[in-house]
Amino acid sequence: MIVLGIESTCDETAAALVEDGRHLLSNVISTSVKEQALYGGVVPEIASRRHCEFISATVKKALLDAGKTMDDVDAVAVTFAPGLIGAVLVGVNFAKGLAYSAGKPLVPVHHIAGHIFANALITDLHFPLLALVVSGGHTELVYLKDENSFTVLGETQDDAIGEAFDKVARVMGLPYPGGPQIDKLAKEGHPVYALAKPKTENPMDFSFSGLKSSVLQFISRCERKNETFVPADLACSFQETALEALLQRVRYALDHVEGIRHFVAAGGVAANSRLRALISEEIAPRYPDIQFTIPPLSCCTDNAAMIAVAGTIAYQHGRRADLGISADAGLPLQ
Ligand code: KG4
Ligand code: ZN
């Protein structure tokens, strides 16, 4: 079974072909990130316009790279939620038109499910599974009893972790996207500055706005008092505080949720080198009965291969969209 995945929720226009839910035939990503960097973050209107310009060629290239035509495709899977509404609409409408004209079924995919199932491109998934989804728009701990049932155990009460990385980088004068910049700079620093530790009522929820404000206040205090600070130390202090908060929730879930067989990381922030090291060196060894998977960097950030994989699973479970489907900016994972 060959599924064409289409993704356009943020600033990546992506298309990919995946066979039988695990063999990647092609994976094409066009991005407006360089243009967005001029503005220090994603400008939704620019993202939508670039999606309109890129989408035809991106899908065409995905078919060409795989050596396939639409006749070979069994279903078209598209991210319909959540994301920047104008951006998601471009992918959804393109996919609708393509599926209708080619006479193929259309499968709706939730972006978070896509991030989680990116891991199926690397390894067999074992259920019950716990997924830590960390991206520019999401911070969630998701429990999957099986491949078709999602329970959100905890989620951010305010900012997503990637958003906090990007905002802190921005006030430190680093280019967008800030996550990889903080990651790089933090390697040269030490966690010497005390910042506000995230606190939440539910031990599996997250909160990053207090930590983000604490960094902003630290910088303005230094400016007011004409004091200098070491940027690498601030990047490192922020990253350590944010990641410790993440891992505290992960440990809690692994200790308290019965029967977990597999832990996967997902989303753009899973590309963070320190997070990857902490999971594999400090968390995984404490749970020898649980399989730990952290996808390669290319599977962490937005792509359409993950949408094709999640689409294959959704298709197998009978999920179809009709031509009335629209984009949903904020639909939670269900
Ligand atoms: O999953 P993704 O590509 O898009 C969303 O669905 O949001 O995630 C993008 C986020 C951005 O906030 C970016 O700064 C962050 O992932 N990111 C990182 C790293 N690489 C990307 N954050 C920390 N360290 C990294 N190495
Ligand atoms: Zn994403």
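In which loop is Asn-226 found? In this predicted model, Asn-226 sits in the loop between helix H7 (209-224) and H8. Its backbone stands out. Phi of Asn-226 is near 60°, a positive value in a residue other than glycine. Asn-226 is also exposed, with a relative accessible area of 73%.

Asp-20 is another case. This residue is not a glycine, yet its phi is positive, at about 50°. Asp-20 belongs to the loop between strand S2 (12-19) and S3. Its relative accessibility is 46%, so Asp-20 counts as partly exposed. Most residues other than glycine have a negative phi, and most peptide bonds are trans.

Two cis peptide bonds can be described next. One runs from Ala-81 to Pro-82, with omega near -25°. Pro-82 lies in the loop between strand S4 (75-81) and helix H3 (85-102). The other runs from Tyr-176 to Pro-177, with omega near -5°. Pro-177 is placed in the loop between H5 and H6.

Helices H5 and H6 also take part in the ligand site. Helix H5 (161-171), helix H6 (178-186) and helix H4 (111-117) each supply at least two residues of the shell around ligand 1. In total, 20 residues surround ligand 1. The closest are Gly-136, Asp-166, Asp-183, Gly-268 and Asp-302. The space that ligand 1 takes is the largest pocket.

A nitrogen atom of ligand 1 is 2.9 Å from an N or O atom in the side chain of Asp-183. The side chain of His-111 places an N or O atom 3.1 Å from an oxygen atom of ligand 1. Gly-162 contributes through its backbone: one of its backbone N or O atoms lies 3.2 Å from an oxygen atom of ligand 1. Taken alone, ligand 1 exposes 560 Å², and the protein buries 89% of that.

A disulfide is a covalent bond between the sulfur atoms of two cysteines. A pair of cysteine sulfur atoms must lie within 2.5 Å to be counted as a disulfide. By this rule the count comes to 0 disulfides. Cys-236 is in no disulfide, and the nearest cysteine sulfur, that of Cys-222, is 16 Å away. Cys-299 is likewise in no disulfide; here the nearest cysteine sulfur belongs to Cys-300 and is 7.0 Å away. Cys-236 is buried, with a relative accessible area of 5%. Cys-299 is buried as well, with a relative accessible area of 12%.

Ala-245 is part of helix H8 (residues 231-256). Its relative accessibility is 4%, so Ala-245 counts as buried. Ala-245 and Pro-198 are 47 residues apart in sequence. In space they are 6.3 Å apart, C-alpha to C-alpha.

Ser-30 has its place in strand S3 (residues 23-31). At 18% relative accessibility, Ser-30 counts as buried, because the cut-off for that class is under 20% relative accessible area. Its side chain has a partner. A polar contact of 2.8 Å joins the side chains of Ser-30 and Thr-58.

Technical notes. Residues are numbered from 1 along each chain as its sequence is written. Chains are lettered from A and ligands numbered from 1 in the order in which they are written. This is a predicted model: local features need pLDDT of at least 70, side-chain atom pairs count only at pLDDT 80 or more; totals for chains, interfaces and linings use all residues. Side-chain values use heavy atoms; hydrogens and water are left out. Buried means under 20% relative accessible area, exposed over 50%, partly exposed in between (1.4 Å probe, protein chains only). Helices (H or I, at least four residues) and strands (E, at least two) are DSSP runs, numbered from the N terminus. A residue is near a molecule or strand if one of its heavy atoms lies within 4 Å of it. A polar contact is a pair of N or O atoms within 3.5 Å; within protein, one must be able to donate a hydrogen and the other to accept it, and residues adjacent in sequence count only if both atoms are side-chain atoms. Accessible areas come from the Shrake-Rupley method with a 1.4 Å probe; for residues, only the protein chains shown count as cover. On a 1 Å grid over the protein atoms alone, a cavity is a set of points where a 1.4 Å probe fits but cannot get out, and a pocket is an open set with protein on both sides within 12 Å along at least five of seven lines; lining residues have an atom within 4 Å of a point. A molecule sits in a cavity or pocket if more than half of its atoms lie within 2 Å of its grid points.
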